[in-house]
Amino acid sequence: MGTKVNKDGKKPPSAATNLIAGGGAGMMEALVCHPLDTIKVRMQLSRRGRQPGLPKRGFVATGAEIVRKETPLGLYKGLGAVLTGIVPKMAIRFTSFEWYKQQLANKDTGVISGQALFLSGLAAGVTEAVAVVTPMEVVKIRLQAQHHSMADPLDVPKYRNAAHALYTIVKEEGAGALYRGVSLTALRQGSNQAVNFTAYTYFKEWLFQWQPEYQGSSLPSYQTTLIGLVSGAMGPLSNAPIDTIKTRLQKMRAEPGTTALQRITRIAGDMFRQEGVHAFYKGITPRIMRVAPGQAVTFTVYEYLKERLEKSAPAILTGGRYEE
């Protein structure tokens, strides 16, 4: 089964359109969904499952504990790092996906196969992971892992904000620390976007076939939201263990004399021996609750902003209609 890259013969959206529409979509997604990401990180870092007498804590209890001890603002720890990186991240994601898709399309017919679509998403995810996501996640996780109260001015954490965390990490551990876990991050982002873009593209095409009256225009926003929600939930289910190991690796300081592979292997081994198989799926509920609505918000806002830009913006923004 294949899909035509641009059915109307126009160019894909320009980098400027992807920067504005993708960045706006990403910022909205971060503001709406970041508290769930903080809960997910805390659950993944939790050692309660292996301490006698301490029951495992679910995502509701984890969130309530953060609010009780650290105020509701504690749920937004690390948001600065996310907002700093979200505009280039989303611009890279959509622009590189379009570029890879054009490269892999059949040169004669313009049709891109399902396999090529999957590879385009995979490559786009790896590209954003290496360019933006890994450093952003290292800073974000360090901030989210701090248990200080946001209401107590005397409770001064090691990392005061995203800029201070970035400076401190580079000063104490070197610039290479920002790329700790880059292989796992690339694997997670690549698999996420491969599944996400492939599912979204086919869902969108099926809806156009089912509702021919929308051909040549955009789907209703509620339909974009629904297919974004479903496609967004598929990625986390496929790579939860990768994300949990990555989170623990990025929380750690570097250990002289050990390679990244050795640290990954030891983390995975310790988790399995001390906490059981279920440890690899810690935080899966808030992660799905974070990623699925996040993708729904991202695709809905992106499609909306892109359409508005293409209708009203100057020529530099109008690269053409985006159709998978």
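The questions and answers below go from the overall fold to single residues.

User: What kind of model is this, and in what order do its elements run?

Analyst: This is a predicted model, in which local features need pLDDT of at least 70, side-chain atom pairs count only at pLDDT 80 or more, and totals for chains, interfaces and linings use all residues. Residues are numbered from 1 along each chain as its sequence is written, and side-chain values use heavy atoms, with hydrogens and water left out. Helices (H or I, at least four residues) and strands (E, at least two) are DSSP runs, numbered from the N terminus; the protein has nine helices and two strands. From the N terminus on, the order is β-α-α-α-β-α-α-α-α-α-α.

User: What share of the 324 residues of the protein counts as buried?

Analyst: Buried means under 20% relative accessible area, exposed over 50%, and partly exposed in between, with a 1.4 Å probe and protein chains only. By that criterion, the share of buried residues among the 324 of the protein is 55%.

User: Among contacts between residues at least 6 apart in sequence, what percentage join residues at least 24 apart?

Analyst: A contact means heavy atoms within 4.5 Å. Among the contacts in the protein between residues at least 6 apart in sequence, the part that joins residues at least 24 apart is 81%.

User: How far apart are the end C-alpha atoms of helix H2?

Analyst: The expected span of a helix is 1.5 Å times one less than its number of residues. Helix H2 has 12 residues (59-70), so it should span 16 Å. The distance between its end C-alpha atoms agrees with this, at 16 Å.

User: Within what arc do the buried residues of H2 fall?

Analyst: The buried residues of H2 are Thr62, Gly63, Glu65, Ile66 and Glu70. Seen down the helix axis, they line one face of H2, because their arc, taken from the directions from the axis to the C-beta atoms, is 160°.

User: Which exposed residues does H2 carry on the face turned away from its buried side, and which helix is included in what covers its buried residues?

Analyst: The face of H2 turned away from its buried side carries the exposed residues Val60 and Arg68. On the buried side, the cover includes helix H1 (15-45).

User: What is the phi of Thr71, and where does this residue lie?

Analyst: Most residues other than glycine have a negative phi, and most peptide bonds are trans. Thr71 is not a glycine, yet its phi is positive. With a relative accessible area of 18%, Thr71 is buried. Its place is in the loop between H2 and H3, and its phi is about 75°.

User: Which element gives the largest share of the lining of the largest pocket?

Analyst: On a 1 Å grid over the protein atoms alone, a cavity is a set of points where a 1.4 Å probe fits but cannot get out, and a pocket is an open set with protein on both sides within 12 Å along at least five of seven lines; lining residues have an atom within 4 Å of a point. Grid points are joined across faces, edges and corners, and a volume is the space filled by probe spheres set on the points. The largest pocket holds about 250 Å³, and of its 14 lining residues the closest to the centre are Arg42, Ser46, Arg57, Thr62 and His147. H1 and H2 are the elements that give two or more residues to this lining, and the largest share, five residues, comes from H2.

User: What is the volume of the largest cavity, and which residues lie nearest its centre?

Analyst: The search of the whole structure finds two cavities of 30 Å³ or more. The largest cavity has a volume of about 330 Å³. It is lined by 26 residues, and those nearest its centre are Lys89, Arg188, Gln189, Arg290 and Val291.

User: Is Arg93 buried or exposed, and which residues does it contact?

Analyst: Arg93 lies in helix H3. Its relative accessible area is 3%, so Arg93 is buried. Leaving aside neighbours within four places in sequence, its contacts are Ala124, Glu128, Gln189, Gln193, Phe197 and Gln295.

User: How far apart in space are Leu178 and Glu137?

Analyst: Leu178 is found in the loop between helix H5 (162-173) and H6, and it is buried, with a relative accessible area of 11%. Leu178 and Glu137 are 41 residues apart in sequence, and their C-alpha to C-alpha distance is 8.5 Å.
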